[in-house]
Amino acid sequence: KWHTMIEAHVDVKTTDGYVVRLFVIAFTKRRQDQVKTNCYAQSAQIRKIRKKMTEIMAKEAGTVQLRELVKKLIPESIGKEI
């Protein structure tokens, strides 16, 4: 409640030929000095955030093999970059 949930997915082909569908989910967060109880994102902001998430996923997954992609996904290094 009081947050915006942003979902995105992308189909990426790895360097060794596998097609992988990646899903990502993000939530808005209140700022430290915020007074309002909610923290909704506007639709234009959501579109920009979703575009950035798909760009990062495509860049990270499209340049490695499937084995390295799994190694990246386990410690959530892609999620931290997003």
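**Entry 1: K13**

I looked up K13 and found it exposed, at a relative accessible area of 55%. My cut-offs are under 20% relative accessible area for buried, over 50% for exposed and partly exposed in between, with a 1.4 Å probe and protein chains only. K13 has its place in strand β1. I take helices (H or I, at least four residues) and strands (E, at least two) as DSSP runs, numbered from the N terminus. Which residues does K13 contact, leaving aside neighbours within four places in sequence? They are Y18, V19, A61 and G62, where contact means heavy atoms within 4.5 Å. K13 and A61 are 48 residues apart along the chain, yet 7.5 Å separates their C-alpha atoms.

A note on what I am reading: this is a predicted model, in which local features need pLDDT of at least 70, side-chain atom pairs count only at pLDDT 80 or more, and totals for chains, interfaces and linings use all residues. Residues are numbered from 1 along each chain as its sequence is written, and side-chain values use heavy atoms, with hydrogens and water left out.

**Entry 2: T14**

Next I checked T14, which sits in the loop between β1 and β2 (19-27). Is T14 buried or exposed? T14 counts as buried because its relative accessible area is 5%. Its side chain makes a polar contact with the side chain of D16, at 2.5 Å. A polar contact is a pair of N or O atoms within 3.5 Å; within protein, one must be able to donate a hydrogen and the other to accept it, and residues adjacent in sequence count only if both atoms are side-chain atoms. Leaving aside neighbours within four places in sequence, I found T14 in contact with V20, A61, V64, Q65, L66 and L69.

**Entry 3: I6**

I went back along strand β1 (residues 5-13) to I6. I6 is buried, since its relative accessible area is 2%. Not counting residues up to four places away in sequence, I6 touches V24, I25, A26, I46, I49, R50 and M53. I also looked up I6 and R47: 41 residues apart in sequence, they are 9.0 Å apart in space, C-alpha to C-alpha.

**Entry 4: T4 and C39**

T4 lies in the segment before β1 and counts as buried at 10% relative accessibility. Among the residues T4 touches, I noted A26, F27, C39 and I46.

C39 and H3 are 36 residues apart along the chain, and their C-alpha atoms are separated by 5.3 Å.

**Entry 5: the whole protein**

Then I stepped back. I counted three helices and two strands, and from the N terminus on they run β-β-α-α-α. Buried residues make up 27% of the 82 residues. Of the contacts with a separation of 6 or more, 59% are between residues 24 or more positions apart.

What box do the C-alpha atoms fill? Taken along the principal axes, the box is roughly 50 × 25 × 15 Å. The radius of gyration is 15 Å, whereas a compact globule of 82 residues would have one near 12 Å. That radius is taken over C-alpha atoms, and the globule rule is 2.2 Å times the number of residues to the power 0.38.
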